[in-house]
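Have a look at the sequence and the model first.

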Amino acid sequence: MPALAADSLAHVQRCEAMLREEIRAHGGWIPFSRFMDRALYEPGIGYYAAGARKFGAAGDFVTAPEISGLFGACVARSIAETLLQTGGNVLELGPGSGKLAADILTALDDAGALPGKYLLLEVSADLRERQQQRLAELPAHLFERCEWLGSLPSAFVGAVVANEVLDVLPVSLVRYGPNGLGERGVSLQGDTFVWHDMPTLSSDVQAMVDTANRDVFANAPPTDYLTEFAPQVPALVTTVANCLQQGVMVWIDYGFRRAEYYHPTRTTGTLMCHYRHHAHTDPFLYPGLQDITAHVDFSAVADAAIRAGAELIGYTTQANFLLAAGVTDLLAKHDPRDAAHYLPLTNQLQRLVSPAEMGELFKVIGLSKGGLNIKALALAKQLPL
């Protein structure tokens, strides 16, 4: 791992002190979900609430919009029909660097399907400022459509887009042990963070455990197994679905359907941390300075949305989604004789669709509300849920 500069080390130490205070204030133990939540979102200290660069080559990880504008152009193609049918707006959750918004707006403009507003839901003041700076570089008629929100609107019509949002919602770690279930949390040994399991689960976590036990383990759960459950994922999906009066939701993230997520051979879960393009599994290493993520249970996403009145349009891999949205047609618009321009685009496309890169691990799920006649949302070659 890269050595920390003095200011980065000081930031980590501030975050560690905050987390120690949190643990001591709660009797010496907090669930990991609370540790993750404060390490990521504590104002001024948490990873997503502080000023370090997160996205792109100079950050900690690269998202699909940062890799290529082809990604955003395909997302735009997938929602253009909805915008034309509803006359609605676009709502992007967790807009990151603003790159996806810029690419979607540009492509919708080219397609004659611009929304009246492009709403960006961003709770981080630092990221909001970065997004505003980036989107201000767009032509004025596009930038003037951008509006930032700090919370969901009470009602919305149009297209909701969320790329790599669900994977950073706090997760609960659950251990299936020889003596039953336990929730893994964090305690202190001196000033050092240590894992400590407690033999109780909150009701929302227990409900998700019961579903996995029934649907995956056939009521015979394993006895040496650590995994994650993320009640905030269905909670957020439900809230967004209730807000959506008519339109579509497009959720893009890395993950699996429930039967794959909780496969008996996946014995140590999916929790990962990212710092300066190094991936590892120690959330205690650089709290406040590193990203902490877990894969998404897309069955839970679908179940929550359907309970809130949405209809499943489809679920597929990112590769299938991009190909169905016409990414090769977009590439064909560029002259292959211009090697300096064309070859980087082909390399970008390879990263987006290759099974060895993002093509298979990342999934796309589309859901609709309001009785729309959506003929296609680029969700061909659908996968089972």
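Two residues are in contact when heavy atoms of theirs lie within 4.5 Å. Keep in mind that this is a predicted model.

## Overall build

The protein chain contains 14 helices and 16 strands. Its radius of gyration is 21 Å, close to the 21 Å that the globule rule gives for 385 residues, so the chain is as compact as a globular protein of that length. Along the principal axes, the C-alpha atoms fill a box of roughly 60 × 50 × 40 Å.

Of the contacts in the chain with a separation of 6 or more, 78% join residues 24 or more positions apart.

## Surface and charge

The chain carries 29 positive and 41 negative side chains, with the centres of the two sets 2 Å apart.

## Inside the protein

Buried residues account for 55% of the 385 residues. In soluble globular proteins, nonpolar side chains tend to be buried together. Here, the largest nonpolar core has 71 residues, and Phe32, Leu93, Phe229, Met249, Trp251 and Val301 are those with the most contacts inside it. Helix H11 (residues 298–307) provides the largest share of this core, six residues. A second, separate core of 51 residues includes Ala64, Ile67, Leu330 and Leu372.

## A look at Trp251

Which residues does Trp251 contact, leaving aside its neighbours within four places in sequence? Among them are Leu93, Ala162, Leu166, Leu236, Val237 and Val240. Phe298, Val301, Lys363, Val364, Ile365 and Leu367 are also in contact with Trp251.

How values were computed. Residues numbered from 1 in each chain as written. Predicted model: local features only at pLDDT ≥ 70, side-chain atom pairs only at ≥ 80, totals over all residues. Heavy atoms only, no water. Helix = DSSP H or I, 4+ residues; strand = E, 2+ residues; numbered from the N terminus. Rg over C-alpha atoms; globule rule 2.2 N^0.38 Å. Buried < 20%, exposed > 50% of the residue type's maximum accessible area, 1.4 Å probe, protein only. Lys, Arg positive; Asp, Glu negative; His and termini not counted. Charge placed at Lys NZ, Arg CZ, Asp CG, Glu CD. Core = buried A, V, L, I, M, F, W, Y, C linked by side-chain atoms within 4.5 Å.
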